[in-house]
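Colleague: I have a model open and want to know what stands behind its labels. Can we go through them?

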Amino acid sequence: MPRFLCRQCGARFPDAPTPPPGCPICLDERQYVRWGGQDWLTTDELAADHHVACVPDHGVLGLRIQPAFAIDQRALLVEAEEGNLLWDCIGLVTQTALDAVRARGKIIGIAISHPHFYSAMAEWAQALDVPVHLHADDRVWVTEPDPAIRHWDGEALKLGPALTLLRCGGHFAGATVLHHAAGAGALYTGDVLQVTADRRHVSALYSYPNMIPVNAATIRRIAAILEPYAFDKVYGGFEGRVIAGGAKAALERSFERYLAAIA
């Protein structure tokens, strides 16, 4: 039986003879159903005319489906001394992409910022033989359950000496960012914190397509969570959306600007 993916958000579902009646991710107010109505394709159909481009972005290997599919996020391979972590996920697994990931060294796991990017995480986990770390507060949004998924609780999870997952909330209850402590430090945010088009700021929204902001308490919470961590770069969820230097100060300015705008 085929596995169906939502054409709008890329969420993947277990084997079934027919698609689900609707995609819960798109029916939620943070996303939206296609203007032409719910639409599906199988993994084979996606693979027939799409591939995974493996392209470095500011020193980190990025994986992105081309031509653009669904939300068009990219996954990033975060290389650390304790082993490499695949951050965020995409809806297509190819041998070329697997070879590119494995060529960089040992893979210790997958971690995903929030449910919009869960996509084909089960297949990636099986192919790489690693666990997927998701915050337990977002358990309800898993559309393709798998034994590789490990739901963690609390505010932080150490994956090694240099890798720490931090629950920021806001976009989703379990929305998570990744801190990499090597060198001057880097923060991987998906669109829990969206790097803006000027690549000098970030913003935080409950819904990006429907433009629903988070409140002041959420911004203050995120700022307090990140304050103890040093980082010079921020890698957002989309190709090229990177603050390549001075990122700690950029986030502080962004939070101050956000709070002033909604005061």
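Colleague: Which residues point one way from S11, which the other way, and are they buried or exposed?

Modeller: Leu163, Leu165 and Arg167 point one way from S11. Thr164 and Leu166 point the other way. All are buried. Buried means under 20% relative accessible area, exposed over 50%, partly exposed in between, with a 1.4 Å probe and protein chains only. This is a predicted model, where local features need pLDDT of at least 70, side-chain atom pairs count only at pLDDT 80 or more, and totals for chains, interfaces and linings use all residues. Residues are numbered from 1 along each chain as its sequence is written, and side-chain values use heavy atoms, without hydrogens and water.

Colleague: Why is strand S11 called largely enclosed?

Modeller: 5 of the 5 residues of S11 (residues 163–167) are buried, so the rest of the structure largely encloses the strand. Strands (E, at least two residues) and helices (H or I, at least four) are DSSP runs, numbered from the N terminus.

Colleague: What makes S11 and S12 a pair?

Modeller: Strands pair if DSSP finds at least two bridges between them. S11 and S12 (residues 176–180) have 5, in the antiparallel sense. Leu163 stands opposite His180 in S12. S10 (residues 156–158) is joined to S11 by 3 bridges, also antiparallel. There, Ala156 has Leu166 as its bridge partner. S10 and S11 form a hairpin with 4 residues between them.

Colleague: What makes S7 largely enclosed?

Modeller: 4 of the 5 residues of S7 (residues 107–111) are buried, so the strand counts as largely enclosed. S7 runs parallel to S6 (residues 84–87), with 4 bridges. Asn84 stands opposite Ile107. S7 also runs parallel to S8 (residues 132–135), with 2 bridges.

Colleague: Which elements make a right-handed β-α-β unit?

Modeller: S6, helix H3 (residues 95–102) and S7. Right-handed means that, with the strands pointing away from the viewer, the path from the first strand over the helix to the second runs clockwise.

Colleague: How do the residues of the largest pocket's lining divide?

Modeller: Into 8 nonpolar, 3 polar and 3 charged. Ala, Val, Leu, Ile, Met, Phe, Trp, Tyr, Cys and Pro count as nonpolar, Asp, Glu, Lys and Arg as charged, and the others, Gly among them, as polar. A pocket is an open set of points on a 1 Å grid over the protein atoms alone, where a 1.4 Å probe fits, with protein on both sides within 12 Å along at least five of seven lines; lining residues have an atom within 4 Å of a point.
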